[in-house]
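User: Please take a close look at one part of this model and describe its surroundings in a single connected answer.

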Amino acid sequence: DPGGCYSIGTGATDGVDLTLSSSGVPFSLYDDTGQYIAQVPPAAEVTVVDLSAGSRVQFLLGDC
């Protein structure tokens, strides 16, 4: 199934982690044979959802 009306992609550039959303061309899809196809949406269709750099504090669920 095609899913929702947007596609999310993640990556990093110059030490900055990015989460991107495309409202048009998806970042990837599967063709009729099940082959994975990576795509690059036009910049005008992409929005930065989240970006971060440097050290990030992470925790484990239930960790005291």
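Analyst: Isoleucine 8 sits in strand S1, a strand being a DSSP run of E with at least two residues, numbered from the N terminus. The model is predicted, so local features need pLDDT of at least 70 and side-chain atom pairs count only at pLDDT 80 or more, whereas totals for chains, interfaces and linings use all residues. Residues are numbered from 1 along each chain as its sequence is written, and side-chain values use heavy atoms, with hydrogens and water left out.

Isoleucine 8 is partly exposed at a relative accessible area of 45%; that class lies between buried (under 20%) and exposed (over 50%), using a 1.4 Å probe and protein chains only. Beyond its neighbours within four places in sequence, isoleucine 8 is in contact (heavy atoms within 4.5 Å) with Thr19, Leu20, Ser21 and Phe27. Isoleucine 8 and valine 48 are 40 residues apart in sequence, with 9.8 Å between their C-alpha atoms.

Serine 22 belongs to strand S2, residues 16-22. Serine 22 is buried, its relative accessible area being 0%. The side chain of serine 22 reaches the backbone oxygen of valine 25 at 2.5 Å. With neighbours within four places in sequence set aside, the contacts of serine 22 are Tyr6, Ser7, Phe27, Pro41, Glu45 and Val46.

As for confidence, pLDDT is the predictor's confidence in each residue, from 0 to 100. The protein chain has a mean pLDDT of 84, and 80% of its residues reach 70 or more. Confidence is lowest in strand S1 (residues 7-13), at a mean of 88, and highest in S2, at 92.

Conventions. Helix = DSSP H or I, 4+ residues; strand = E, 2+ residues; numbered from the N terminus. Polar contact = N/O pair within 3.5 Å; in protein donor to acceptor, adjacent residues only side chain to side chain.
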